[in-house]
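Dear colleague,

Please find below the structure that I am handing over to you. My findings follow it.

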Number of protein chains: 2
Amino acid sequence: MRKINTYEKSRAAFERAVKVIPSGIYGHQGPAEGCYIPIEAFPLYSSKAQGTYLWDLDGNRFIDYMCAYGPNILGYHDPDVDAAAARQRAISDCTTLPNTVMIDFADLLVDTVACADWAFFAKNGGDTTTLAAMTARAYTHRKKIIFFKGYYHGVAPWTQKIDYAGVIEEDVMHNLYCEWNNFEQLAELFDRYKGEIAAIIAQPYMHGNFMDNQLPDEGFWQKVRKLCTDTDTVLIVDDVRAGFRLDLAGSDHYFGFEADLICFCKALANGYNVSALCGKDFLKNTVSSMSYTGSYWMSAVPFAAGIACIEKMKRLDLPRFLIEKGTKLTKGLIETSHKYGFDLRATGVPSLFYLRLADDPTLRLHQEWIAECVLRGVFFTNHHNHFINAALTDADIAETIEITDEAFAVLRDRHPV
Amino acid sequence: MRKINTYEKSRAAFERAVKVIPSGIYGHQGPAEGCYIPIEAFPLYSSKAQGTYLWDLDGNRFIDYMCAYGPNILGYHDPDVDAAAARQRAISDCTTLPNTVMIDFADLLVDTVACADWAFFAKNGGDTTTLAAMTARAYTHRKKIIFFKGYYHGVAPWTQKIDYAGVIEEDVMHNLYCEWNNFEQLAELFDRYKGEIAAIIAQPYMHGNFMDNQLPDEGFWQKVRKLCTDTDTVLIVDDVRAGFRLDLAGSDHYFGFEADLICFCKALANGYNVSALCGKDFLKNTVSSMSYTGSYWMSAVPFAAGIACIEKMKRLDLPRFLIEKGTKLTKGLIETSHKYGFDLRATGVPSLFYLRLADDPTLRLHQEWIAECVLRGVFFTNHHNHFINAALTDADIAETIEITDEAFAVLRDRHPV
């Protein structure tokens with residue numbers, strides 16, 4: 001039997017944190033936001049990271065399937081990316097004038113991403129979704145933006161919900177909402193708001209939280225693309241989460257269409273802090289006309305890291321490799337669940353698989369299982385997709401299956417048929 | 001006579017950049033935004049940086065008075081900050097769970113900044129001004145925000161002007177504008193919009209572009225503070241630009257009042273990418289209730305850099321030192337202008353001095369002088385405040401005066417009395 005983790009040091013650290021930080025740990029990485037990991041199993045703080053492993057403050061080791069919620073795509077401390085970043089750091093990082101590594105990075109993105117004629121760099125994924133929305137409004141002289149229900153496009157007020165703290169009705173009054181894969185409903189919105197729709201913003205497939213992830217229906221994206229083209233509406237793909245785990249040429253390319261604007265962050269530089277908006281030529285002058293910048297947006301180190309990251313992902317043909325690993329893992333997990341008479345479902349593209357134990361519609365059984373996995377060293381979360389990284393080995397997958405087997409056994413003991 | 005810079009390599013790089021990056025170099029660091037440096041003198045790209053010096057792509061060396069527009073406060077490649085960052089990088093940076101260095105940094109800010117009971121970390125200065133505005137709206141259940149004319153609070157749509165590309169009227173319809181130092185006008189706004197004003201947002205003094213910088217009139221901030229307290233309005237100080245160059249306890253502390261929320265970025269970690277919102281206890285629960293986070297907001301390396309930066313600034317009693325250096329420099333510049341019959345004015349706090357040649361209201365003479373300085377290796381800009389950093393020596397100041405003397409001589413030759 002595996003050792004069961006305990007978290008004394010993390011608990012003590014959290015006590016200290018809540019005194020000086022709102023929520024202690026805010027946002028998706030904290031215990032307050034939803035119930036991503038049952039609190040009794042949540043390790044809270046890390047002490048080190050290497051490859052596919054994360055150690056918490058109490059010294060427990062985890063096979064980390066969250067990958068910093070995306071950024072860790074090559075493995076923590078990837079030697080090639082870190083070496084490129086260190087070389088650039090010795091020269092310059094955040095300076096009064098940009099370094100030409102910025103141009104090299106833009107060149108590489110234009111060469112790599114199918115729909116990219118240009119690249120614009122910032123810090124947050126949300127900087128790029130906001131710039132995309134502003135670009136669409138400036139270009140079309142229209143105001144309305146269509147979102148697919150279950151979306152996440154960052155935390156700027158215009159992306160949030162009216163009942164969120166700090167959001168006012170004017171922030172979201174031009175947002176329209178459509179069901180994923182429902183082209184008829186989308187076409188109705190275009191009819192009803194003829195000449196008013198600036199953009200559609202969408203993730204390449206529906207990888208929202210608290211729901212099975214849904215791939216696009218056959219032909220859905222092609223119909224959306226045609227509708228946008230026919231109505232001069234800007235088609236924005238938010239590839240912040242999925243980017244480079246489906247297709248290095250962009251997740252739009254994976255699904256056989258071309259976005260007008262595509263947003264990248266997370267996996268772009270293996271954790272070095274940079275995001276990018278790429279887009280088509282006809283929108284370049286509009287972006288040039290905007291007042292949009294930030295204190296650190298031309299920092300050179302993340303550009304060097306991004307170049308090394310993309311070059312290595314190309315060498316490894318990485319998305320294919322990650323999808324294979326994810327397929328092997330999820331197949332193993334599902335088989336293990338059947339062994340104990342449970343019905344585990346895996347949805348989404350396997351390189352960012354979403355899990356749900358379908359035996360209990362309240363999701364409590366699923367949460368119990370996740371807790372038992374985490375307590376034994378497999379870092380899953382309840383209701384968010386997971387991420388595969390390049391450092392994950394077959395031995396790690398085997399160990400994961402072994403641990404989840406034990407977790408299913410515990411669950412079956414506790415809930416006999 | 002000094003060598004006159006030429007910029008062949010930078011020009012060639014820019015040609016390459018405009019093909020793949022909107023504007024080539026966007027925002028405040030680029031040649032398109034206003035006329036910060038006359039284009040014939042603008043070096044465009046850097047090749048390396050050290051201490052107070054920046055080298056451009058053509059190998060020209062500059063004494064850099066822009067300091068990456070603020071972040072460089074201890075000197076480029078400060079050994080103490082870089083060592084702390086490297087130590088943390090060897091452990092972990094962007095991971096699934098935060099490192100406790102995040103708590104250490106919050107503790108240090110709470111100990112350092114007078115009005116801070118807590119700290120919240122993000123990436124852009126604008127992340128913190130937006131969070132501040134959302135917090136004020138959530139806390140007060142009011143919508144309107146008062147800005148002082150000449151302000152800059154980032155690039156989020158709500159901070160911009162109605163005539164900016166991509167901004168719609170709903171983004172800015174609850175913004176109210178007041179003249180700096182005009183308390184009567186401010187009080188009138190509070191009368192007219194009684195019970196509707198969520199916040200005042202302001203830089204600690206008016207350091208807008210294209211205008212002489214204006215310190216607060218005696219008692220102005222104290223009256224503003226009282227008005228906010230009496231009306232339960234949140235007082236937000238945007239210390240992104242001035243922070244740590246006036247007072248390590250906050251620029252509000254320098255002017256003898258306390259903000260409710262204070263925004264930091266730039267000088268916080270000597271160029272490592274991090275920003276912070278600090279605030280008073282009564283707003284902590286409101287911040288805890290918000291959905292506000294980002295992919296890289298808990299990256300550990302910038303936290304370690306920030307701790308080292310603040311500790312070193314404390315050891316050096318840095319703001320006093322920077323103000324002394326700035327005073328010495330601006331006094332020398334003004335005296336040199338008088339030598340040639342010109343009337344150079346320096347305004348603002350000397351650690352972030354603003355320059356204007358008052359002999360020509362069209363500002364063209366000023367731009368000519370700036371160009372002659374830059375062409376000889378002193379990196380000034382036309383109509384933006386400058387920044388002093390800790391690595392600036394008396395020898396650098398002497399060299400600066402010598403170069404500006406030559407620039408004034410050229411100007412007088414060209415424009416005889």
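The notes below cover conventions, a sheet in chain B and several individual residues.

Residues are numbered from 1 along each chain as its sequence is written, while chains are lettered from A and ligands numbered from 1 in the order in which they are written. The model is predicted: local features need pLDDT of at least 70, side-chain atom pairs count only at pLDDT 80 or more, and totals for chains, interfaces and linings use all residues.

In chain B, four strands make up an open sheet of mixed pairing, ordered β1-β2-β3-β13. The edges are held by β1 (46-50) and β13 (378-379) of chain B, each with a single partner strand, so one side of each lacks a neighbour in the sheet. Helices (H or I, at least four residues) and strands (E, at least two) are DSSP runs numbered from the N terminus; two strands pair if DSSP finds at least two bridges between them. Strands β2 (residues 53-56) and β3 (residues 61-64) of chain B are antiparallel, with three bridges, and B:L54 stands opposite B:F62 in β3(B).

A:C67 lies in the loop between β3 (61-64) and α2 (79-91) of chain A, and A:H141 in the loop between α4 (125-140) and β5 (144-148) of chain A. A residue is buried with 20 or more other C-beta atoms within 10 Å of its own, exposed with 12 or fewer, and partly exposed in between, C-beta atoms being placed from the backbone. A:C67 is buried because it has 30 such neighbours, whereas A:H141, with 9, is exposed.

Kind regards
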